[in-house]
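Hello,

Please find the structure below. My notes on it follow.

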Amino acid sequence: MPSNILQKTTMLNKSFQFGRMQNSSAPVHANELQHLLETGKALALSPPPPRDEIIDILVKLGRLWSDETNIFHTRILAHLENSGIAGSSITLFFNECAQFFSRKTLEQRWQAAIGNRSVSPVGLVLHIGATNTLVSGLDGLVDGLLSGNINFYKFSTADGGVPGIFIESLFAADGDKVLVTRLAAFFWKGGDKEIEILFKKNVDRIIVWGGLDAVMSWRTDLGYAARILSHGPKYGIGVLTAAGLKDAQLATLCKNIVMDVSMWDQKACNNLQALFVESKISDQQFERFLSSLHAAFQSVYDDAPALRSNDDYVDIVNAREDIKAQSILTGAVSLHCPVENSWSTAVWSQWKTGLIPSPLCRFLHIIKYDDVTAILHGLKDEKYWMQTMAHCSSLNESERLLSIAKALGITRMCGFGNMVLSSPTQAHDGGYDLTQLVNIMAE
């Protein structure tokens, strides 16, 4: 097994309880949680802070993150680098944060979802962070704060990760304790039924970011008031047509495709997992494309060699072995992976229906298709899993692809290089969480 398997690093090891910061990451216990829930219910009876004041604090937090001399910027940077994230992704991360925490974006985020309607917070909101993404649902937490709710946040790991740094930096930005007194954040081991039942019976909304098992677990045994807002798992696809390839600048196209695969080390729902390539592309053109694509993958690996958890590594090995077996048995697929733990492409010359599971982690399935209707019919039973489609095509083809995307339940369509860079003011997974975190007052 490779020596660069990801090791957990000590980072935050703190918990937060309504304006109090505790130097302990010990899991919360049921009796302690019961007290916190009662405290949260009492706080929910008080009027929420003015939205302008909330935005002021979040903008100040954003400035702390953007300031390269600030300790919070330094800590986030170190965490990203220690996680094996490519330098280009780190640069984009800070650029995205600067945009997200700008006053203009935060105001537009509210306007896009709520407009000028009169609303009130729903009450208590629980946020379940995911283990597979760096920011782990932080935009959901921002929605919880913007809407004036009382928020509980579950760290996905004991050290808090980037969400832990976010909340500690919120304390620094919130000198008058306007927001931090409406927030509790801590860790407990997943599957603790006593803790989960307490939340299910006492909170009004649960926002879950994670895999299928996590989502389904939180959907069961809900109290009357609680509603689930779930994000994940989803699947991102791309479509490259012969006309699109002909008009594209090859190196740029491949760089953008690899960005969509490797951004955040391919752990988000909107990352590219399967690329559909039109079979009209000649063998010579395709080989030239594949060579350029592999060079772009190697460039990312040279910038930041992959760091893998044991589970990630096992998933990658298993996927590669399955593909090797398929290649021997059917000849329908060929595997390319130059270094044991770097990147992989699997080129499928034959495909019938369904999604081909990807282990993620810089792993891309490339599927040849004869006509776009084959994609429509092949994925018609996978609507729930679909999220983002990227494409490189002619204008007429893009109109047809948009029609197919809508039929497949895809909720976002973009060019390559933009799959993981959606605007923070756009709907996510077909809607706005903010609208589910408020009660809209009838006129």
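**Helix contact, a strand and salt bridges**

The axes of helix H3 (residues 71–82) and helix H7 (residues 161–173) come within 10 Å and cross at roughly 180°. Axes here are lines fitted to C-alpha atoms, for helices over the stretch in contact, and angles run from 0 to 180 degrees between N-to-C directions. H3 is therefore roughly antiparallel to H7 (angles over 145 degrees count as such). Helices (H or I, at least four residues) and strands (E, at least two) are DSSP runs, numbered from the N terminus.

This is a predicted model: local features need pLDDT of at least 70, side-chain atom pairs count only at pLDDT 80 or more, and totals for chains, interfaces and linings use all residues. Residues are numbered from 1 along each chain as its sequence is written, and side-chain values use heavy atoms, with hydrogens and water left out.

Which residues meet where H3 touches H7? From H3 come Phe72, Arg75, Ile76 and His79; from H7 come Gly161, Val162, Ile165, Glu168, Ser169 and Ala172. Contact means heavy atoms within 4.5 Å. The residues divide into 5 nonpolar, 3 polar and 2 charged. Ala, Val, Leu, Ile, Met, Phe, Trp, Tyr, Cys and Pro count as nonpolar, Asp, Glu, Lys and Arg as charged, and the others, Gly among them, as polar.

Glu168 turns up again. Lys14, Arg75 and Glu168 are linked in a network of salt bridges. A salt bridge is a side-chain nitrogen of Lys or Arg within 4 Å of a carboxyl oxygen of Asp or Glu. Between Lys14 and Glu168, the closest N and O atoms are 2.8 Å apart. Lys14 lies in the segment before strand S1 (15–17) and Glu168 in helix H7, so the pair ties together parts that are 154 residues apart in sequence. Both Lys14 and Glu168 are buried (under 20% relative accessible area; exposed is over 50%, partly exposed in between; 1.4 Å probe, protein chains only).

The whole structure has 9 salt bridges. Another one joins Asp56 and Arg103, with the closest N and O atoms 2.3 Å apart. Asp56 is partly exposed, at 39%. Arg103 is partly exposed too, at 33%.

Now strand S12 (residues 344–348). In S12, 5 of its 5 residues are buried. S12 runs antiparallel to strand S11 (residues 333–336), joined by 4 bridges. With strand S13 (residues 363–369), S12 pairs in the parallel sense over 5 bridges. Two strands pair if DSSP finds at least two bridges between them.

Best regards

Definitions and conventions
Angles under 35 degrees count as roughly parallel, over 145 as roughly antiparallel, 65 to 115 as roughly perpendicular and the rest as oblique.
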